[in-house]
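Have the viewer open and follow along.

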Amino acid sequence: GRNIHEKDLTLAIALQAAQELRRRKIPVALTRTEDREVPLEERTALANRLRAGVFISLHMNSAQGYRKGVAEGVETYILSHSTNQSSVQLARLENKVLKGSHVDASGTGGDVPLILKDLLLGANLGESRGLACALQTHLVEVTTSPRDQTYRDRGVKQSLFYVLLGADMPSTLVELGFIDHPRDRFLVMTSDGRTRTARAIADAIAEYRLARQGDLAMRSRLSKCPVR
């Protein structure tokens, strides 16, 4: 069969999510609208320049450290100096793929002061958690059935993703599923699956906006996702 590229799938979903957000009168900007490489610093710089309300980075996972074809489901990340080993391994993989610097979670690498400096300024961490909670909740809903929801809900987590560093606003990295799991792959390769995923992202952003605008019930709901 033909090769499946993460960058093509995530771009297709991002384009649909942007269309859905604009239909709801929510302004949105994409870091790319075609197949081209955008340096990490340019992504957050664009968001900062536009004074964006949120910054979201979309990805597909792969079974690093798991048996291929078994690991599945959705997980959403916020920036943190977590040393959870699986999260650190995923961060290293994403940073490598995105041509970022190597992350040394032991605290001895030259990049750690930059990370800690950013975290010290990270008043957005609580807001990022709320955004991540909204995204995780809606994406789990559209990708699972009631009988396997817990199994596929991989949770809100925290790790060292360079693509999130430097953002002046709440930011998250979303792993939409495992590209090497049949069900996850089928979901993002079908038009209906991409549409449902894009709408879930738009629904999550709309809910987060309500919380930011003072909806106390929504704010309470988005504060209850545990961070693993």
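## Where two helices cross

Let's begin with a helix pair in this predicted model. Helix H7 (residues 182-189) packs against helix H8 (residues 191-212) at an angle of about 85 degrees, and their axes are 5 Å apart. Angles of 65 to 115 degrees count as roughly perpendicular, so that's how H7 and H8 sit relative to each other.

Which residues in H7 and H8 meet? On the H7 side you'll find Leu187, Val188 and Met189, and across from them in H8 are Ser191, Gly193, Arg194, Arg196 and Thr197. Sorted by class, that contact has three nonpolar, three polar and two charged residues.

## A pair of strands

Now look at strand E3 (residues 153-159). Is E3 mostly covered or mostly uncovered? Mostly covered: five of its seven residues are buried.

E3 pairs with strand E2 (residues 74-79), running in the parallel sense over five bridges.

## The whole chain

Stepping back, the protein has nine helices and four strands.

How much of the protein is buried? Of its 228 residues, 47% count as buried. The protein exposes about 11800 Å², with carbon and sulfur atoms supplying 51% of that.

As for contacts along the chain, take those between residues at least 6 apart in sequence: 80% of them join residues at least 24 apart.

How values were computed
Residues numbered from 1 in each chain as written. Predicted model: local features only at pLDDT ≥ 70, side-chain atom pairs only at ≥ 80, totals over all residues. Heavy atoms only, no water. Axes fitted to C-alpha atoms, helices over the stretch in contact; angles between N-to-C directions. Parallel < 35°, antiparallel > 145°, perpendicular 65-115°, else oblique. Contact = heavy atoms within 4.5 Å. Nonpolar A, V, L, I, M, F, W, Y, C, P; charged D, E, K, R; others polar. Buried < 20%, exposed > 50% of the residue type's maximum accessible area, 1.4 Å probe, protein only. Areas by Shrake-Rupley, 256 points an atom, 1.4 Å probe, with all protein chains shown as cover. Pairing = 2+ DSSP bridges.
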